[in-house]
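Hello,

Here is the structure I promised to pass on to you. Have a look at it first, and then read on for what turned up in it.

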Amino acid sequence: MAIYGSHRLMRSTLERESYTAAAKLIGNAGRVLISGHLSPDGDSLGSMIALAKLLNNAGIEACATADVNALGKPGFLAGCEKIIPVRKLKHQKKKFDLFIAVDNSGFERMPPEVKPVAEKLPRICIDHHVTNNAEFAEVSIVDPEASSAGELVWRFAKWMEWKLDTEIAEALWVALITDSGRFAYDSTKPGTLRAAGDLLKHGVRTALINDIIYGSFSRKAIELKRIAWRSLHVWKNHKVAEVTLSRDDFRDVRGTKADAEDVIEIPRSVARNEIALFFYQVPDRTKETRCSIRTRGDWDATELAGRFGGGGHRKAAGCTIKAPLASAKRQMRNAVKDLLKNACKKTARIESDARPPEAGEASK
């Protein structure tokens, strides 16, 4: 059992068993395929790249796959140039022996080209979403309390006693900071900061990475933000705020979802906002609308996303609504109204039950 500082990395017998089972599958594999989710964010991409290099350094051939046209800002990471484009997966001459999914737990969230290759392989899942599919893989390394999939990859690497280098550390650093909001979200735990501290020992260029991801924006990204700001709609006394980017908006600026990665921060930045919504249509999706959801306070984003088959975290979730934009917005707004209404009913019931007795009632 590996120990990091005075803290045990293995927090349960189940976790130890998962690590042992994963190590066995990896040890028996000649070639490993790794995939994150569609339009990989910093956590998904950073985890894929780091895990692929960790395995390669350990003498196990591993390849990450993704849509290379949708990598966004984290695409600067060393190792992205080795990613197999998903469109070329079916043309691979050498077969794979093992599939590892990171930052997701089902083929429905992955590029569609991945499933035909990976569904026949033994599978390992490394995920930190509350809404994870426990039946997806033979071995699951899942912790909804972790800040990111990158944190879980780091834990597993320490347990396996794999050595980190600067490229691996920077990929995991991007995974940590993007999913923890630069260590500002509630998901940031002592273990998150222990992982970050360990990564810093390997020469992570923190200022450069921060500038690339948070301090500079392409013209396409700025144009999409401008359009999104114009669409801002605030309702329920500023409690709910939403922005929208249509298929035509993306086409007009020749942008992709990667160019709109932080647009959700526009409605979230509204004072007193508790539920932020970002509706958007990717140009290659004809009759679907996607929705990113962020919440504050006691609101659970997965309650809204789950109504449409989506999922994620309590404060950050997403879903795909199988309807055109206008219809999808109506459906989500109704779901939000139901959520607020039910909460009001519950509060009213509690207040009613807790009211002091009227005169004379106490003696009855």
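**An aromatic cluster, and what lies around it**

Y19, F156, W159 and W162 form one aromatic cluster. Please keep in mind that this is a predicted model.

A search of the whole structure finds eight aromatic pairs. In the pair of Y19 and F156, the ring centres are 5.3 Å apart and the planes stand at 70 degrees, so this pair is edge-to-face. It links distant parts of the chain, with Y19 in helix 1 and F156 in helix 4 (residues 149–160), 137 residues apart. Are these two buried or exposed? Y19 counts as buried because its relative accessibility is 0%, and F156 counts as buried at 2%.

Six strands form an open sheet in the order 5-4-3-6-7-8, with parallel pairing. Strand 5 (84–85) and strand 8 (139–142) are at the edges with a single partner strand each, so one side of each has no neighbour in the sheet. Helix 1 (residues 13–27) packs on the sheet and touches strand 6 (98–102), strand 7 (123–127) and strand 8. Helix 2 (residues 42–57) packs on the sheet too, touching strand 3 (31–35), strand 4, strand 6 and strand 7.

The largest nonpolar core has 52 residues, and I34, L55 and I100 touch the most other members. Among the residues that L55 touches are I34, I100 and W162. Apart from this core lies another, of 22 residues, including C319 and I321.

Lastly, two charges: the charged end of R182 sits over the ring of Y214, and that of K225 over the ring of F217.

Best wishes

Note on methods. Residues numbered from 1 in each chain as written. Predicted model: local features only at pLDDT ≥ 70, side-chain atom pairs only at ≥ 80, totals over all residues. Heavy atoms only, no water. Pairing = 2+ DSSP bridges. Helix = DSSP H or I, 4+ residues; strand = E, 2+ residues; numbered from the N terminus. Contact = heavy atoms within 4.5 Å. Axes fitted to C-alpha atoms, helices over the stretch in contact; angles between N-to-C directions. Core = buried A, V, L, I, M, F, W, Y, C linked by side-chain atoms within 4.5 Å. Buried < 20%, exposed > 50% of the residue type's maximum accessible area, 1.4 Å probe, protein only. Phe/Tyr/Trp six-rings, centres within 6.5 Å; stacked < 30°, edge-to-face > 60°. Lys NZ or Arg CZ within 6 Å of the ring centre and 35° of its normal. Lists of a residue's contacts leave out its neighbours within four places in sequence.
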